Amino acid sequence: MSAAERFQPDLLIERACEQADSDDFGDNDGWREGLALLCDGLVSEARLNDLGIEIATLDVVNPMVNRLQIMKWRKENPEVATQPISRPVFIVGQPRTGTTILFDLLAQDPGFRPPLTWEVDHPHPLPRPETYDSDPRIAETQASIEMSEQIVPGLLAFHPMGALVGQECVRITAGQFCSMIFSVQYRLPTYYKWLLYKADHHPAYSYHRKFLQHLQSGVPGGACSWLLKSPAHLWQLDALVAEYPDAVIVQTHRDPLNVISSISALTHHLRRLASDDSSITDCAGQSCEEIVVGLERGMRLRDSEALASQKFVDVQFADFIRDPFATIRALYAELGRELTPVAEARMRDFLAAHPGDGGGSRYTWADTGLDAGVVRERVREYQERFGVPDEPLK
C-alpha cells in the first residue's frame, strides 16, 4: 500500500477508534487540522522509505489511540478532571543546551514526578503504584528504543532514551497533532511552518493537562511536583502559562550556533529511521529558522504583561557543565526547595552512570552550510540579554 493510501486521515482515525474501542476524542476538534497537514506532508514531503511508512503510521495512530483511551477513562471517572496540577516545573530552552541531563538529574529527586517514557507511550491501562517498576510495558518500550538504535547505530549517543527515564512533553502533545516531534522526526516543511507561525497551541496544553491528570490518577506521586521538559515550550510560553499559571520555568542557555549544528545532526539521524533521503543541510535550514524564531519569541513573551509575574530561573549551559551540582544547588535555592542528601546521592549516582561524551565528534558547523556571521548577528540580542558567551564552533 502506497503512502497516499496509508495516510488518509479518515482511515487512520477509523483504525485508532477500532483499537481503542471508542470514538470519543473529547470536546476539542482542533487536532484534526494538524492531523490533515501531517498526513499531507508524510505523503508529499517526507520522502519515506517502506520502513518509514510503517513507522510513521504507528506514530500517527498511537497518539490517537492514547487520546481515545484517556478520554474514555475521564468519562468513566469524572473526578479525574478535578485533580489539580500544582506548581509544575518546566525545563525549557533551546535543544542541546543540557535540558535532558538537567531533567534526568532532577528526576532522581523523589520530590519530583516526571512522566516516564513507558507510561507516556502506553498510558492505558492506567499505570498502578504496585507495578510501576515492573509493568510489562517497560520491557516493550525499551525493546522499541533498542530497535531504533539497531536501525540507526549511534542514535542513542546523540539523544539518550530509556523506558524508565523521563519523557519530553512533545510526546504528550502529539495527541493534539500540534507537536514538534513530527517535524523533527520527519521532513515536513509545510507542517513545521504551520506549527511555528499559524497553529493555536492552547488546545495542546489543555490536552497536556488532561494527560498529566490521567497519569496521576493512577500513580499520584503524593506531594511531588510534576517535572516536565521540552525545548518546544520556549516557542509557546504564553500558551504554557495560560494553562499553568503557577508553573516555574527553568530556561537553559547556550551559544545558539553550536545548538543549531548539534540539533541539525540529531534531526538528520532521527530522519534516517524513516527516510533514505535526508541531509544535514536540509535539517539545518529548518533548525536555524526555528531556533532564531524561538529565541526572539521567547524574549518577547518574557517581556509581555501576560508573563510579568511568572517565575523564571535561568541556567547557563557552560556553568552547568563545569559544575553540575553548584548549578543544581543554586537552582534549588531559586525554587525554594531543599536538596536532600538522598536526592543528591541519587543524582551523583545517575551522573556517574551517564557521563556523556561531549558530542564534539558528531557534528560540525561546516556541515550545516550556514553563514556563521549572518546567524551570529541574528542571535546577538539574545546572547547579550542573557550573558551567553560565544563558543568555539565545532
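How exposed is Arg15, in terms of relative accessible area?

1. Arg15 is partly exposed, with a relative accessible area of 32%. Buried means under 20% relative accessible area, exposed means over 50%, and partly exposed lies in between (1.4 Å probe, protein chains only). Arg15 sits in helix 2, residues 9-20. From Arg15 to Asn62 there are 47 residues in sequence and 9.9 Å in space, C-alpha to C-alpha.

2. A word on the source. This is a predicted model: local features need pLDDT of at least 70, side-chain atom pairs count only at pLDDT 80 or more, and totals for chains, interfaces and linings use all residues. Residues are numbered from 1 along each chain as its sequence is written, and side-chain values use heavy atoms, with hydrogens and water left out.

3. The protein chain has 19 helices and 5 strands. These are DSSP runs numbered from the N terminus (helices: H or I, at least four residues; strands: E, at least two). The chain is as compact as a globular protein of its length, because its radius of gyration is 20 Å, close to the 21 Å that the globule rule gives for 394 residues. That radius is taken over C-alpha atoms, and the rule is 2.2 Å times the number of residues to the power 0.38.

4. The C-alpha trace spans about 55 × 45 × 45 Å along its principal axes. Of the 394 residues, 57% count as buried.

5. Glu296, Glu377, Glu381 and Glu384 form a negative surface patch. Patch residues have over 30% relative accessible area and no salt bridge, with like charges joined within 9 Å. A salt bridge is a side-chain nitrogen of Lys or Arg within 4 Å of a carboxyl oxygen of Asp or Glu. Helix 19 (residues 372-386) gives the most, with 3 residues. Glu296 lies in helix 15, residues 280-302. Glu296 counts as partly exposed, at 35% relative accessibility.

Terms used: Patch = residues over 30% accessible without salt bridge, like charges linked within 9 Å, V, L, I, M, F, W, Y side chains within 5 Å. Areas by Shrake-Rupley, 256 points an atom, 1.4 Å probe, with all protein chains shown as cover. Lys, Arg positive; Asp, Glu negative; His and termini not counted. Charge placed at Lys NZ, Arg CZ, Asp CG, Glu CD.
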